[in-house]
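Hi,

Here is the structure I promised to pass on to you.

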Amino acid sequence: MNDLQAVLWVARKDLLQEARSKAVTVATVFFSAVTLGVLAFAFGENPLLMREGAMGALWVALAFAGVISAAQSWQADLEDGALEALLTSPVPRAAVYLGKLLANWGLMTALGVLLLPIAAGLYGARLGAAWPPLLAVIAAGTLGFALIAVFYAGLTANLRARESLLPVLMFPVVVPILLAAVRASNALVGSGDLGLAWAWLRLLVGFDLVYAVVCLVLFRFVVEA
Amino acid sequence: MIDAAARLRRPLWLRVYLGITLLLFLVAATFGLVFSPRDVNQGDLIRIMYAHVSVAWIGFVAVGLTAVFGALYLWRGKRRDDVLAVASAEMGLFFASLTIIGGMTYSRPTLNTFWTWDAKLTLTAIMVALMVGYFIVRGLVEDPVRRGRVSAVVAIVAAASLPFNYLAAEWFRTLHPAKSVALDGSGVTMDPTMLQVLLLNTAVAGMIYLGFMFDRVRLGRIEAELEAERAAGAVGGGAGGKEVVRV
């Protein structure tokens, strides 16, 4: 089995596990819907505020859901020594990371695509012709988010107080990614400023590349069976 | 016990070093407060800059060095590198917090606001949060090897934002002034006297960093020995613990 196959097998395992248990799907869809609702209450009855906050709310909901998804992907492996088996299997640690990343990124992108029209409808933002580039922003933003979330979830997987530790550690790191994603989305929805959106998207891809390199290099020090 | 008390005391050379540092700090402050010319636009407010910029530079260096020591620990696995990393991390958190406080002091009278969420300020605030996270993680892991590794990883990720921070004032429209001293050799856009005063203040801030590093590393090594001794005692059923591990 070469390394690429190993990556795909780990991703397949995680997705298959998810398809059978649906633990992440149920939790993230429900939780992000609740988050969108709560934020809608927080914005009050000002339609302008709602419209302008639509993309911000979408990304907050995605971020919160992403933490659950990443934590769960390691949590499930902690049972019955599955993580030990995974880590002792003769594949590079980075392949395990990339596999989990792939599965998480897939789930989060799907969630983003699902939430986009819901957020737009709930907050009264008109997507119009903006949706194809918005999908690119969602793909790049969730990639950056998943890179860090999966990395830190692996790091905290067998620590005490991991549930509270994971968001404390990872949210400061993902702030630049969230910021770039929100700005790029807002530029597309609000003014339809493609140039501005492109600038933020480029920055977002830059963050993705930097963190991809850092996380891949460091990952073998992160997990321990 | 006598041996322990003697080891806890600061050695003479360190006390002398810290004394000299304090004196030089007073000299540098005097240069900044008295001998530096007034700025054309900012008047006397420019004097805050000497404290703010020097502290910020050393803060970034401290965070960067934390990551370097962390990387060395991951590479060689020597406890000593972890001790150095913690010491540098404490100074990094201290100097980065001072940077934010100094920046707010400087920005209120010159830019008419304490804070704005622009790229440079946000990245610095995030860096402080990351360094706080570094210590939270350390507090939660008991095994020294695992603790060293995990915190090294956290430090390296924190330092990965430093290049963005360095370039932020040029990449984005921001309230934070652009660099007046470029590291790429493209020159210095600053009055020569002011530059000298700034460099003097930076050198002293560096000496303060080093002084605290020496002291903290000294304490860190004692901590590490104590921890190893306790671990040995626990394994030996309480009766052991004779074996002292020198770090």
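The contact between the two chains draws 18 residues from chain B and 17 residues from chain A, where two residues are in contact if their C-beta atoms, placed from the backbone, lie within 7 Å. On the side of chain B that touches chain A, H5 and helix H6 (144-159) of chain B each supply at least two residues. That side of chain B is made up of 15 nonpolar residues, one polar and two charged; here Ala, Val, Leu, Ile, Met, Phe, Trp, Tyr, Cys and Pro count as nonpolar, Asp, Glu, Lys and Arg as charged, and the others, Gly among them, as polar.

Before going further, a word on conventions: this is a predicted model, in which local features need pLDDT of at least 70 and side-chain atom pairs count only at pLDDT 80 or more, while totals for chains, interfaces and linings use all residues. Residues are numbered from 1 along each chain as its sequence is written, and chains are lettered from A and ligands numbered from 1 in the order in which they are written.

Chain B has eight helices and zero strands (helices are DSSP runs of H or I with at least four residues, strands runs of E with at least two, numbered from the N terminus). Of its 247 residues, 32% count as buried, meaning that 20 or more other C-beta atoms lie within 10 Å of the residue's own; exposed means 12 or fewer, and partly exposed is in between, with C-beta atoms placed from the backbone. Among contacts in chain B between residues at least 6 apart in sequence, 72% join residues at least 24 apart.

Do take a look at helix H3 (residues 46-76) of chain B. Its 31 residues reach 45 Å from first C-alpha to last, close to the 45 Å expected (1.5 Å times one less than the number of residues). H3(B) is largely enclosed by the rest of the structure, because 23 of its 31 residues are buried. Just after H3(B) comes B:Gly77, with a positive phi of about 70°.

Which residues other than glycine have a positive phi? One of them is A:Lys22, at about 55°, in the loop between helix H1 (3-21) and helix H2 (23-43) of chain A. A:Lys22 is exposed, with 11 other C-beta atoms within 10 Å. Another is B:Asn112, with phi near 65°, in the loop between helix H4 (79-111) and helix H5 (119-140) of chain B. B:Asn112 also counts as exposed, with 8 C-beta neighbours inside 10 Å.

Best wishes
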